[in-house]
Amino acid sequence: MWEGLRGQHKDASPPAGSVLVDVPGGGPGTGSVRARIVLLPVRAPLAPVHRIAAERAAGSLAVVLMQARQEEELAARGRGDFLTDLAEGRIAAEDAPAQARVLGFKPGTSPLLPVVMRLGDALAAPGGGWAVLARAVAEELASVGVPVLLGVRPVEGRVPFSSACARSRSGRPSRTG
């Protein structure tokens with residue numbers, strides 16, 4: 001039954017006897033849906049208390065998802081501040097590796113490649129999707145085994161990051177992907 005629900009359009013009604021509750025996700029007043037909770041009757045019909053429980057669970061889940069998103073945004077901004085300070089010479093070169101390790105960067109012995117992506121106006125605006133872009137870049141590099149420290153500077157419209165360069169067997173930097 002679940003496989004049948006997964007393919008349904010968001011406006012489709014759930015199967016008879018089930019409960020469908022939206023988990024809000026775009027902030028107050030936006031009306032966007034982040035996820036859905038579906039309760040299916042398995043051994044007995046669902047009681048009204050099940051809908052109440054699902055609605056409360058949806059509210060709690062929305063708060064947890066919002067908190068996680070805010071924590072990731074703050075961490076990404078902190079990494080962006082570090083990378084900007086490093087690029088602009090406000091952090092001593094000998095202190096940088098230790099600070100980068102604290103932020104979760106483990107580059108190994110490969111040379112590092114500093115990069116700054118400039119965001120268009122639509123992505124740089126609050127809620128504009130810079131986090132999706134940053135996550136996609138980080139996941140893509142991680143998928144090919146390239147360590148990356150990625151931060152954001154949304155006010156400036158930048159996503160700075162530093163990644164390790166993979167070395168070929170000849171000892172020269174190689175291209176990945």
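After α5 comes G145, with a positive phi near 80°.

## The open sheet

An open, antiparallel sheet is formed by three strands in the order β3-β5-β4. Strands pair if DSSP finds at least two bridges between them. Strands β3 (112-118) and β4 (148-150) are the edges, each pairing on one side only. On average, neighbouring strands of this sheet are turned by 15° against each other, direction ignored.

Strand β4 is joined by three bridges to β5 (residues 158-164), and the two run antiparallel. Within β5, F161 is the bridge partner of L150.

## Helices against the sheet

Helix α5 (residues 130-143) packs on the sheet and touches β3, β4 and β5; its direction makes about 175° with that of β4. Helix α2 (residues 48-87) lies across β4 and β5 and runs at about 75° to β5. Axes are lines fitted to C-alpha atoms, for helices over the stretch in contact, and angles run from 0 to 180 degrees between N-to-C directions; contact means heavy atoms within 4.5 Å.

## The chain as a whole

The chain holds five helices and five strands, which follow the pattern α-β-β-α-α-β-α-α-β-β along the sequence. Helices (H or I, at least four residues) and strands (E, at least two) are DSSP runs, numbered from the N terminus.

Of the 177 residues in the chain, 24% are buried. Among contacts with a separation of 6 or more, 52% come from residues 24 or more positions apart. The accessible surface of the chain is about 11800 Å², with 57% belonging to carbon and sulfur atoms, as given by the Shrake-Rupley method with a 1.4 Å probe.

## Basis of the values

Residues are numbered from 1 along each chain as its sequence is written, and side-chain values use heavy atoms, leaving out hydrogens and water. Because the model is predicted, local features need pLDDT of at least 70 and side-chain atom pairs count only at pLDDT 80 or more, while totals for chains, interfaces and linings use all residues.

Conventions
Buried means under 20% relative accessible area, exposed over 50%, partly exposed in between (1.4 Å probe, protein chains only).
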